[in-house]
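Subject: Structure for you to look at

Dear colleague,

I am handing over the structure we spoke about, with the sequence beside it. My notes follow below it, and I would be glad if you read them with the structure open.

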Amino acid sequence: MDTCIQKIREIAFQLLDKKEVEKVIGFSNGTIPMATSPITIASKQDTEKLVFNSTCGLNLANYIRQQKGKIAVIAKGCDSRNIVTHIIENQVKRDQVYIIGVPCNGMINKSKIKSLFEDEIQKFEEDGDSLIIESSSKKEKLKKNDYLRENCRLCQHRNPVIYDVLAGDLVKEQIIDVPYPDVEKIAALEADARWIHFQDLTKNCIRCYACRNACPLCYCPTCFVDESGPQWVGKGQDKTDINTFHFLRAFHCAGRCTDCGACAEACPMDINVRDFTRKLNKDTFDMFGWEAGLDLTKRPPLDAYSPDDPNDFIK
Amino acid sequence: MKFITIDKKNWAKGIEKSRETYRLFGPVKDKNGVFIRTLEKDMLPDMTINDSIMSVKSVLFPQTEKILFTTLDEAKEDHHIMKRVEFDSSPRAVVGIRPYDAKAIELVKMNFDTDDYRDPYWCDAYEATTFVGVGINKPGPFDFSTSAGTGPFSESGLDVLMADLDNAYLAKILTGKGEAFMKSCGFEKNTDEKESQALFDILRKEAEKNISSHIDTGKLKGKTVLELHEAPFWDDIAFACINCGTCTFVCPTCWCFDIQDETKQKSAGRFRNWDTCMSPLFTKHATGHNPRDSKTQRVRQRFMHKLKYFPDKYDKGIMCVGCGRCVKSCPVNIDIREVCKIMNSYEKNN
Amino acid sequence: MGNLLEHMGIERDRIHFSWISSAEATKFVDVVKEISNKVRALGPNKKLVKDYN
């Protein structure tokens, strides 16, 4: 990772030095352990602030819309797929973004690591494939691969699908035989048990909308939950309103979601909102052979008509 | 001042006994963390966790509260006349809250209970509630309460402050309300006042020494609102922000709300929901104009309110108790301690 | 959408999609009959219905 950080800084420095871009969007070190924060760098002296490690779980494609001039952005595999989606959906132009691709070995599941400790984590270090974590009462050395986020564990596109330069060597893609074990597990339940699963999933939701706001797909000028004339959904803590939000938000992402995991990463309540979106990802794959953000030349399945689209659901 | 010792063996029994008089609330572990919830029968407050994800404010100010209702049936004489939802004024007690949360209630009170206006929903709930706190022996790394006008053994806003002494709790009774609660539990074993206070002082000093995180707010007052408002750093601070409402919802001192009417057939209700200044809708006018249309404006508002407008208006310190919840929960790691540092040290170059 | 609702535990037979021209009155009647029979067989829906109190 460290050589990758050096490379990112060098590339960013060159780009700003030669005035090829106006700013570079990347990650900087956080103020607390296991945190990094998105940052925009406009002067070459500041490129030293750029970092990249296994805690960069947010999706930087979320920050590239509505920027003036040409920008550079650090992109993992999933970020790059969302950049492709942005380009297809006319949110940015290809020549407006300079993509610094970072082949990725997966991001860590912070809440899983936190749950190993009774007290607060005070120190987090990454050394190759191991993680060294300390609280005031104990120290743990963990294997990174045992603590990957679920979407990273099941990821089949770790390398950026589109880039102008790479900040590291391409990594070997994982071959996953069962890509949707979580969806299948829920699908195997009875209808009532599935309902209970989703009720339990969202029961602590505070409707902060961090999942929506961390998502690069959610760029509607006014989200349906914020619309007040007409008002589609109640704004309080009623469980039906909460589930309506999650259900409809997921549906708006159908055929567009790259399973980058930013929604679950951002959730202050550790709700795995991916349980909603993953079902749609599986369906679009099963029905249309589609995975979002892989090809600049193809329209998303719900955006295009083909005579052989599956239509069994219509009577 | 009266002090009581409570053998931990008697704790559960006492809490159970208090239910004859009180509805109880307290920290409860759930799958996603610790919350302040109603303690159902046989549930005990979790006294071991330093802080809960959500603060105690919801006991007085639920995230969604039905406040008024009416009928739309024009055949009824009182149709369309809003009436207050019946209020349960029976005594309630929050047990096991942390001192900074009690201090936060004091700050929120300045908004809901003023000489000019009195918010009946919040004030009635406040009057019905007894706050039983427990000091924090080992503050965590995000606790900066001592530099935010409170501390791990601060008494402000509490009716009882307890100290955890391994096998027992030592309780300092601070108000009549606190005394009544302890009596209802059957906890009445007095201890020597001088000795107990000395013990409290030792624990407080020890705990305060353990606080590693601090903020400096000394220079904020001397700066003008405009100086800070127009400072150049806000775009950089706000860049990472995704404008979710996490910081404001987990904050024990954020009090903003939104009013919503909902109807079904012939009945209508008026609800009060927490709102967040991070949302563009928060300030959107009916005309469509939005005075805080950009992310930077909204982020600036949050920090200016907490660290400048509030202290200027009330002269009671900042509107932050240093619990560190927003620091821990922010998805993009915007840290109020850093922002405070930037604001406090900002000098306008002329 | 039907799939996601079903995945969430809403019974499949509550969700129907159809394409009926204004000239297809009999098809409309048939589809509505079929839907109402299926929904009646399931009984009242309790899921994703707002309690109001």
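A residue is called buried here if 20 or more other C-beta atoms lie within 10 Å of its own, and exposed if 12 or fewer do. Please keep in mind throughout that this is a predicted model.

With that cut-off, the buried residues of helix α8 of chain A are I242(A), N243(A), F245(A), H246(A), F247(A), R249(A) and A250(A). The helix itself runs over residues 239-252 and has 14 residues, reaching 20 Å from its first C-alpha to its last, which is close to the 20 Å expected at 1.5 Å a residue. The buried residues of α8(A) pack against α6 (191-201), α7 and α10 (274-288) of chain A, and also against α1 (2-7) of chain C.

In chain B, helix α3 covers residues 99-112, and for its 14 residues the reach from first C-alpha to last is 20 Å, again close to the 20 Å expected. Its buried residues include P99(B), Y100(B), D101(B), K103(B), I105(B), L107(B) and V108(B), and among the elements that cover the buried residues of α3(B) are α2 (57-60), β6 (92-97), β7 (129-134) and β8 (160-165) of chain B.

At the level of domains, the assignment for chain B gives domain 1 as 2-56 + 86-209 and domain 2 as 225-345, with 27 Å between their centres, taken over C-alpha atoms. The contact between them draws 22 residues from domain 1 of chain B and 20 residues from domain 2 of chain B, and on the side of domain 1 these are 12 nonpolar, 6 polar and 4 charged residues.

Between chains A and B, 31 residues of chain A are in contact with 31 residues of chain B. On the chain A side, β2 (36-41), α7 (210-214) and α9 (262-266) each supply at least two residues, and the largest share, 5 residues, comes from β2(A). By class, that side of chain A has 14 nonpolar, 11 polar and 6 charged residues.

P181(A) counts as exposed because 12 other C-beta atoms lie within 10 Å. P181(A) and L154(A) are 27 residues apart in sequence, and their C-alpha atoms are 9.3 Å apart in space.

With best wishes

Terms used. Residues are numbered from 1 along each chain as its sequence is written. Chains are lettered from A and ligands numbered from 1 in the order in which they are written. This is a predicted model: local features need pLDDT of at least 70, side-chain atom pairs count only at pLDDT 80 or more; totals for chains, interfaces and linings use all residues. Domain bounds come from an automatic or database domain assignment. Two residues are in contact if their C-beta atoms, placed from the backbone, lie within 7 Å. Ala, Val, Leu, Ile, Met, Phe, Trp, Tyr, Cys and Pro count as nonpolar, Asp, Glu, Lys and Arg as charged, and the others, Gly among them, as polar. Helices (H or I, at least four residues) and strands (E, at least two) are DSSP runs, numbered from the N terminus. The expected span of a helix is 1.5 Å times one less than its number of residues.
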